[in-house]
Amino acid sequence: MELIFEISKKGKKGFSLPTRDVPEASSLPGKYLRNGDTGLPELSEPEVVRHFTNLSRMNFGVDSHFYPLGSCTMKYNPKFLEKIAQLECFSSVHPLQPQLIKGGILTQGSLEVIYNLENLLSEITGMDAFTTQPMAGAHGELTGVMLMAAYHRHKGNKRKYILIPDSGHGTNPASAAIAGYEIKTVKSNEKGVLDMIELKKALSEETAGLMITCPNTLGIFEPAIKEISDLVHGVGALMYYDGANMNAILGKARPGDLGFDIVHLNLHKTFATPHGGGGPGAGPVGVKKELEEFLPTSRVVKRKDGTFFLEYDKPLSIGYISQFYGNYSVLLKAYAYILLLGKEGLIEVSENAVLNANYIKARLKAHYEIPCPDGCLHEFVISARKQAEKGVHAIDIAKALIDRGIHPPTVYFPLNVKEAIMIEPTETESRETLDRFIAIMIELAELAEKDPESFKAFPRTTPVGRLDEVKAAKDMDLAYL
Amino acid sequence: MLKAAGIKSGRMDELFMGIPHGLRARSFDIPEGRSEFDVERYLKSLGNKNLTDLVYFVGGGFYDHYIPAAIDALVSRSEFYTAYTPYQPEASQGTLQAIYEYQSCICRLTGMEVSNASLYDGGTALYEAVMMAIRITGRNKVIMDGGVSPIYRKMVRSYTSNLSIAFVEVPVSHGQSNRNELDKYIDGETAAVILQNPNFFGAIDDHTDISEKCHKAGALMIESVYPVSLGMLKTPREMGADITTGEGQSLGIPLSFGGPYLGFIGVLKQYARKMPGRIVGVTEDSVGRRGFVLTLQTREQHIRREKATSNICSNQALCALRALIFMSLLGNEGLKGLAEICRDKAEFTKSRLEGIKGVEVMKSAPTFNEFTVKLPKDANEVIGKLLDKGIAAGFPLGRYYPEMDNYLLVAVTEKRTKHDITRFADALEDALWN
């Protein structure tokens, strides 16, 4: 499809300026002015609308396609949430409004939403306090690690290392390193869970904390999580819970009860706010009491008279990690989702998510190698190793799925499984959709036996075929100038 | 279905056997679910506790611009908003091409050569720029101009509190960057000088001379900018900036109590590999059709883990899409016209306010759409009185600058009519003298 710059024609615009009802100002001295045009594309409104409508049609989304992308929880996002986010009484409020006169009295409704959401998330995770400020999962991780650092600094602890299992998300080590820590990777054992001997070896008085996903990326609940947390606490270190997989355990288990001190949640996963093609998300962080005083500035506090205000005077706080209160409209959507579903609804989310995953896993067992063949929680990993021997790799299966109208699962992650295909169906898919997916996966396993060569041509139904990624990195054509 | 899933007992609880009984949730005290209608009614009752329908003269980096209707219509296409990060390029060409076009628009607007797919907000974008400058120069001294948003300065300091970075802050002089003081600090240890145009007080500057000094010392210049102003003002590239960042909220994104917004970054091509975040590049398929992919991924966390340039792995894709559609609808002429009308209205507001006894408009430097006013009284008191008339008069500078309790920061966008401005001036006069 043509680029918007290629259909641009000088002098067009798709926007009308408000009437000029004031005199023209005298112009600025030339040294302050830009030379020449901005070069922004010039089109009429219908042309702009057609361009972007056509672009949208080249995308797979949850509304149009089954999207079992492991670790990403691509569930259906109720339309109601979008309606709520657009309510003008929330969307038109300026973020500096609470600071205009003391006490945030001008934005009581917006503050109450944050306060209530923080409380609900605390109850869901078993933590004592939450901040809604982090704007994505990785941002929540960075905030969490900064909280760890502040805690140890305050205690006078000299800590150097953060421990991360080899099955952990790539963002974990990146977040810890950016906050100033060194990383020690802890191996998983053959059952896909943390190796206790390795953990004991890695732990020392220099350990700041352990970052772990539970259930882990293989969809397995760490059976020894309590022992793990006791060991970590034993050396004065903290337990960090990566909440990417929270969709598996709503109402069943809570990180706070398992000994975790810090947790981040991905509202764009578990709490049904849309992913937006890569954001905006929200990654609120919850902590236990002993870490509350370090939470980012500002905090929403409820007064005795029931009104709310923003507390900025927090001497031990890690400071400002977001301009204001986080991705507010995303928070509002998550809040509406929790109110809509309620207690039973949230428990059913996890039950159905886990049931759907186990159903697919059981039905694929005979056709694909499954490194951890027993039950799983909300997601599981299969390996295309058997197919790879015929020359059909995980990526080839992914591309074949695209042609069959299914967004591929996550491939080549986690790193501790060769030819990994990570499948997370979520709770919002019907049995009919799952059956169709299973049938296609079986068909592809058979095709890999009979005609492995045919995979090289997939995908065929998309606007472009497989793209040359090496060429992109070499040419570095990153902007149309 | 339970049986087919291998659950022999046929009971849901067997699915959760992997969670030891002693570790089950101790409590899950969440209210019962409610209907859409009930939830909507409840949330509206909360929303109605906000004071809305204010006439905003508040900016501070976040502006009440008009949002063309086509933006909401287009970003409501669920093919955009229910998609994930475009890991499978063949099934994500819509998102990928839009990001490429967004990157191109940011480059054109700022004059820079490379942009990424976006960052969280203006403050985190500035922090990422600082980290980038430290990686590029191998130095760890950072000079911040006092005209940089105090919110951004606080954020940069918070993020780097666990790293050993030496910060120097240089207060502005007569509204603009203080050259004499900056000169004293720019040296062979300096990684970067951070500036903002227009600065937090609304003053416009030309930082070309400062970039020359930076480059002589082997340091980088980082310029934070307000994108709408670039319809008129000298670009960061023209001033010699190596990295530019900014808050993209003014490009078609609702104020929405602080987010989601959009951080943008633009750099010179030689620094592309040191830049954080997603980047989309052009390539082709085996039959030569043009396509778009995420590229230079060897910088990123999912491959480099702890050696990545940043931990950011998402972007604000839907906000970047809003900004792209905004820039496409306005186009070259539209953005120029918008910049002009914003400044015209601000200048008109200045002329009305300076006619009021005791009100002094700061005039040591030219301004764009925001300016500083000195009042004969505490700004908070005045703001309180005007709020009663439905006018948010501006931002009290004493909030971040303790010596400036009597100063008000006033922002004017194209949405403020002559009538609004007159009402504001009359109400201000009334509040001061009646």
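## Salt bridges

In this predicted model, the side chains of B:Glu354 and B:Lys363 meet in a salt bridge, with 2.9 Å from N to O; the term stands for a side-chain nitrogen of Lys or Arg within 4 Å of a carboxyl oxygen of Asp or Glu. B:Glu354 is partly exposed at 34% relative accessibility, and B:Lys363 is exposed at 54%. Here buried means under 20% relative accessible area, exposed over 50%, and partly exposed in between, with a 1.4 Å probe and protein chains only. Salt bridges that share partners also join A:Glu118, A:Lys289, A:Glu292 and A:Arg299 into one network. Over all chains, the search finds 50 salt bridges.

B:Lys415 pairs with B:Asp64 at 2.8 Å between the closest N and O atoms. Helices (H or I, at least four residues) and strands (E, at least two) are DSSP runs, numbered from the N terminus. B:Lys415 is partly exposed at 33%, whereas B:Asp64 is buried at 11%. B:Arg416, in the loop between E15 (407–411) and H12 (418–433), is buried at 6%. Among the residues that B:Arg416 touches are B:Asp64, B:Tyr56 and B:Lys345; contact means heavy atoms within 4.5 Å.

## Between the chains

In total, 184 residues of chain B are in contact with 194 residues of chain A. The buried area is about 16,200 Å², of which carbon and sulfur atoms give 62%; this is the accessible area (1.4 Å probe) that two parts lose on being put together, summed over both. In chain B, the residues losing the most area to chain A are B:Phe28, B:Glu90 and B:Phe257, together 6% of what that side buries.

Seven salt bridges are counted between the two chains. One of B:Glu90's partners is A:Lys399, at 2.8 Å between the closest N and O atoms. A:Lys399 belongs to helix H11 (residues 394–403) of chain A, and B:Glu90 to the loop between helices H3 (78–81) and H4 (93–110) of chain B. A:Lys399 is buried at 5%, as is B:Glu90 at 2%. A:Asp257 and B:Arg26 form a salt bridge at 4.0 Å, N to O.

## Nonpolar cores

A nonpolar core is a set of buried Ala, Val, Leu, Ile, Met, Phe, Trp, Tyr and Cys residues joined through side-chain atoms within 4.5 Å. The largest has 286 residues, and A:Phe221, A:Phe271, A:Ile397 and B:Leu353 have the most contacts inside it. Helix H9 (residues 328–364) of chain A gives the most to this core, with 20 residues. Apart from it lies another core of 14 residues, including B:Ile186 and B:Met221.

## Strand pairing

Strands E3 (residues 141–145) and E4 (residues 166–170) of chain B run parallel and are joined by five bridges; two strands pair if DSSP finds at least two bridges between them. B:Met144 has B:Glu169 as its bridge partner in E4(B).

In chain A, an open sheet of three strands has the order E10-E12-E11, with antiparallel pairing. E10 (380–383) and E11 (410–411) stand at the edges with a single partner strand each, so one side of each is left without a neighbour in the sheet.

## Conventions

Residues are numbered from 1 along each chain as its sequence is written, and chains are lettered from A and ligands numbered from 1 in the order in which they are written. Local features need pLDDT of at least 70 and side-chain atom pairs count only at pLDDT 80 or more, while totals for chains, interfaces and linings use all residues; side-chain values use heavy atoms, with hydrogens and water left out.

Technical notes. Lists of a residue's contacts leave out its neighbours within four places in sequence.
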